[in-house]
Structure formats: C-alpha cells, structure tokens
Amino acid sequence: MIVKVLYFASAQGLANLKSESVRLKEGSSMKDMAAEMLRLHPDLKSIERTIRYSVNFEIADSDVTLHDGDEVAVLPPVAGG
Amino acid sequence: MKSVRITRQPISPARVLASVGGKEAGGAVMFVGTIRRRSGGKTVEGLTYEVYREMAERKMREIEEKVRRKWPVLKIAMVHRYGHLKVGEVSVAVAVSSEHRAEAFEACRFAIDAIKGTLPMWKKERFKGGARAWVKGTPIEA
C-alpha cells in the first residue's frame, strides 16, 4: 500500500521535501511508517522524539493501523497563536 | 465572514469583533495576538507562520464545538494568519459573544489556549541581522 506523507517546519527542512508517497507492507502501523521514514531520511532522527503524527487529520498513536491512501503528517512541536 | 478562518491576509480585529455582534448579546470578549519584538533576549523583525491548513481548519471547528458544549455562547469567531508577518501585526483573533460576560471571558480563554495547543502551526523567527530559527514549540495536543 502507499501512504502520502507530509513534512512540516523543521521536519521539512531535515527531510528536504514537503511530501512524498511511501510504500509500506499491508497492515503496517504508524510505528512501521516512522521506521521507514527514518530509514529514508536519517537526519530526522535528531528530532524523532519530539515528533507527533496525524493520520487523516487526527493525531495518531504508534499502534494505529494505516491503510492505502492515508494522509500522514509529520508534526514537530507546534507554536501557533 | 466565516466563523473560523486561516488566512494570508491581514486580520482586522474590528471586523472580527463586529462579526460576533447581535441584539441577543450582552457583551463580547476578544483576544488579539500580535507579533512581539523581543524573544529570548533577541530582537525579532518578523515571523513566518507555516500551517497544515486542512487539519488546522478542522481543529478550529472542533474548538468551536467544544466551546459550544461548555458555554452558552451566542457567536464565536477565530481567525489565524499565516505567511510573513512583521512585528506589531495581528497573528490571531478570537471573539466570543454571550448574554453575560462570565461565559464570554471563559470561552475566549479556552479557545485561544486550544488554538495554541492543538493547531498544526509553526513559526520561524527572523532576527535583526538576518538569522532565522523555528520557535521551539510544544508537542501538539490530541
């Protein structure tokens, strides 16, 4: 399956791209996606522990199962307002 | 005017406040956030806000729903700007009207705190001299 991954703020700078399609095994979890992301973009390891993820616009824990076509976002600590 | 909005255009606090007005209201409370010159002992010239727009708009609508479940507010408006902003410019405005002032104050405070905690937005400071850095921020709340 393929998920769309969006990178924001410092994550965008470290991955050096705004978005990409990532191929994962069927039944992969958010945790599997994060491992694949770090394999593709090792520089993200420097902020890995501060990152949270959303799946289809909702904050997702690492055990959430992903599906083909999901939109995953890589969210560094936020600073709106 | 839509009650929640993310925009690149300058925010007019007067228009946001007017949008929550009405003859049922006994008053309105508004919070206006502006770009501060001093940050961590350095002089800031401006900020660039980045946003995950679709998620941020959904989160703002969720904040409105939460406010309406907790307080009997009449109207609520939330506008957040993104893109390049200069010191002194308005980055965010939240206005709430209600029959009585107590719930308007509480709801407005809740909404701006929720905006800061749950919206997928980031800001990069531009310092005097040209250096730039992402503001450290806090982990996004679910």
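Me: Quick one to start: how many helices and strands does chain B have in its secondary structure?

Reply: Chain B comes to 3 helices and 9 strands. Bear in mind that this is a predicted model.

Me: And in what order do the elements of chain B run from the N terminus?

Reply: Starting at the N terminus, chain B reads β-α-β-β-β-α-β-β-β-α-β-β.

Me: What about overall dimensions, say the box that the C-alpha atoms of chain B fill?

Reply: Roughly 50 × 30 × 25 Å along the principal axes.

Me: What share of the residues in chain B is buried?

Reply: Buried residues are 37% of the 142 in chain B. As for contacts in chain B between residues at least 6 apart in sequence, 73% of them join residues at least 24 apart.

Me: OK, on to the sheet. What's the strand order in the open sheet of 4 strands in chain B?

Reply: The order is β1-β5-β7-β2 in chain B, and the pairing is mixed. At the edges sit β1 (4-7) and β2 (27-34) of chain B, each of which pairs on one side only. From one strand to the next, the twist averages 10°.

Me: In which sense do β5 and β7 of chain B pair?

Reply: Antiparallel, over 7 bridges, with β5 spanning residues 73-81 and β7 spanning residues 90-98 of chain B. To pick out one position, V79(B) stands opposite A93(B) in β7(B).

Me: Which strands does helix α3 of chain B touch?

Reply: Helix α3 (residues 101-118) packs on the sheet and touches β2, β5 and β7 of chain B. The direction of α3 makes about 150° with that of β7(B).

Me: And where does helix α2 of chain B lie?

Reply: Across β1 and β5 of chain B; this helix covers residues 53-70 and runs at about 155° to β1(B).

Me: There's also β8(B). How many bridges join β4 of chain B to β8(B)?

Reply: There are 7, and strand β4 (residues 42-51) of chain B runs antiparallel to β8(B). T48(B) has K124(B) as its bridge partner in β8(B).

Me: What does β8(B) do with β9 of chain B?

Reply: Those two run antiparallel as well, with 3 bridges joining β8(B) to β9 (residues 132-134) of chain B. R126(B) has R132(B) as its bridge partner in β9(B). The hairpin of β8(B) and β9(B) has 4 residues between the strands, and G129(B) there takes a positive phi near 105°.

Me: Switching to the contact with chain A: how many residues does each chain give?

Reply: Chain B gives 25 residues and chain A gives 17 residues. On the side of chain B that touches chain A, the elements giving two or more residues are α2, β7, α3 and β8 (121-127) of chain B. The residues on that side of chain B divide into 14 nonpolar, 5 polar and 6 charged.

Me: Now chain A itself. Which residues of its helix α2 are buried?

Reply: M30(A), M33(A) and M37(A) are the buried ones in α2 (residues 30-40) of chain A. They sit on the same side of α2(A), because they cover an arc of only 55° around the axis.

Me: Why would residues three or four places apart point the same way?

Reply: Because an α-helix has 3.6 residues a turn.

Me: And what do the buried residues of α2(A) pack against?

Reply: Strands of chain A, namely β1 (2-7), β2 (19-23), β3 (52-55), β4 (58-60) and β5 (71-75).

Terms used. Residues are numbered from 1 along each chain as its sequence is written. Chains are lettered from A and ligands numbered from 1 in the order in which they are written. This is a predicted model: local features need pLDDT of at least 70, side-chain atom pairs count only at pLDDT 80 or more; totals for chains, interfaces and linings use all residues. Two strands pair if DSSP finds at least two bridges between them. Axes are lines fitted to C-alpha atoms, for helices over the stretch in contact, and angles run from 0 to 180 degrees between N-to-C directions. Two residues are in contact if their C-beta atoms, placed from the backbone, lie within 7 Å. Ala, Val, Leu, Ile, Met, Phe, Trp, Tyr, Cys and Pro count as nonpolar, Asp, Glu, Lys and Arg as charged, and the others, Gly among them, as polar. A residue is buried if 20 or more other C-beta atoms lie within 10 Å of its own, exposed if 12 or fewer, and partly exposed in between; C-beta atoms are placed from the backbone. The arc is that of the directions from the helix axis to the C-beta atoms.
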